[in-house]
Amino acid sequence: MWRATVLSIFPDLFPGPLGASIAGKALGKALWSLQAVDIRDFALDKHHTVDDTPAGGGPGMVMKPDVVARAIDALGSDARPRLLMSPRGRLLTQARAAELANGPGVVLVCGRFEGIDERVIEGRRLEEVSIGDYVLSGGEIAACVLIDACVRLLPGVMGKEASGAEESFTEGLLEYPQYTRPQIWEGRAIPAVLTSGDHGKVAAWRRSEAERLTSARRPDLWAALEAGLRPRQKSAPDG
Ligand code: SAH
């Protein structure tokens, strides 16, 4: 079973949104498991202090290395990657989510305040992962994002096994536009090709729409895709 362990000073935030819909149903069916560990339980003083003032001065508080490390060490060692949710980390991508979903699970450390003491990151070899170039007030929402992105890729979790294969980013493209009934809504019709019954034409239309949207909205993805395609087109000119 794919196992997620989250270390946080707000363990009550879990499962939160992960308890609903696709992820929640899969959790109920034991297709994955979730453990929320309260970092505060590992503070030994009578006030259960988890933070202290930053060395060198400045605003805010920093999570104490000894407390966070004790919480991590209490898990024992297993094969799961230990990740720290952090705006300084490598950006989470669909490819990384797929890689993590293919493994045994994740151990996620959630920061609060100004973050955690650098020595725990080094000493416990935490890999920093960011969910985007903005700053949240804590790692818990970021952990939910990461877990949700992984869980929906686990075998048996999504309704149709195939529904992940054509999605945005899977092939480096944004997804084509989707429609459903009614056929005409506020004077706008569903593109005729989608109701033609011609599966080849539908696939070609979706591909060209995905390409049009990606090149217009995400020149970065489009450039990466073109760079990746060029050598293949060279070696297989008729393919
Ligand atoms: N002072 C830090 C920000 C701390 S925000 C800095 O400037 O880098 C508090 C906590 O929120 C962080 O420790 C981290 O766990 C979480 N967090 C904030 N933004 C995040 C992001 N973009 N991705 C992942 N986690 C984030």
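Trainee: What makes H7 stand out in the lining of the second largest pocket?

Mentor: In this predicted model, H7 gives the most to that lining, with four residues, while helix H3 (94-101) and helix H7 (219-235) each supply at least two residues of it. About 400 Å³ of space lies in this second largest pocket, and among the 16 residues that line it, Thr93, Gln94, Ala95, Phe169 and Leu221 are the closest to its centre.

Trainee: How is the lining of the second largest pocket divided by class?

Mentor: The lining has nine nonpolar, five polar and two charged residues.

Trainee: How do you know that the ligand sits in the largest pocket?

Mentor: A molecule sits in a pocket if more than half of its atoms lie within 2 Å of the pocket's grid points, and the ligand is assigned to the largest pocket, so the ligand must pass that cut-off there. About 660 Å³ of space lies in the largest pocket, and 35 residues line it, with Arg112, Phe113, Glu114, Gly115 and Ile116 nearest its centre.

Trainee: Which elements build the lining of the largest pocket?

Mentor: Strand E4 (62-63), E5, helix H4 (118-123), E7 and H5 each supply at least two residues, and the largest share, five residues, comes from E5. By class, the lining of the largest pocket divides into 17 nonpolar, nine polar and nine charged residues.

Trainee: Why is Met85 counted among the residues that surround the ligand?

Mentor: A residue is near a molecule if one of its heavy atoms lies within 4 Å of it, and Met85 is one of the 18 residues that surround the ligand, so at least one heavy atom of Met85 meets that limit. The closest of these residues are Met85, Gly111, Gly132, Tyr134 and Leu136.

Trainee: How much of the ligand's accessible area does the protein cover?

Mentor: The protein covers 84% of the 560 Å² of accessible area that the ligand has on its own.

Trainee: What is the omega of the peptide bond that joins phenylalanine 14 and proline 15?

Mentor: Omega is about 0° for that bond, which is cis, and proline 15 is found in the loop between strand E1 (2-8) and helix H1 (21-28). The peptide bond from arginine 181 to proline 182 is also cis, with omega near 5°, and proline 182 lies in the loop between H5 and strand E8 (184-185).

Trainee: What makes serine 21 worth noting?

Mentor: Serine 21 has a positive phi of about 55° although it is not a glycine, and this residue is found in helix H1.

Notes:
Residues numbered from 1 in each chain as written. Predicted model: local features only at pLDDT ≥ 70, side-chain atom pairs only at ≥ 80, totals over all residues. Heavy atoms only, no water. Areas by Shrake-Rupley, 256 points an atom, 1.4 Å probe, with all protein chains shown as cover. 1 Å grid on protein atoms, 1.4 Å probe; cavity = no way out; pocket = protein on both sides within 12 Å on 5 of 7 lines; lining within 4 Å. Points joined across faces, edges and corners; volume = space filled by probe spheres on them. Nonpolar A, V, L, I, M, F, W, Y, C, P; charged D, E, K, R; others polar.
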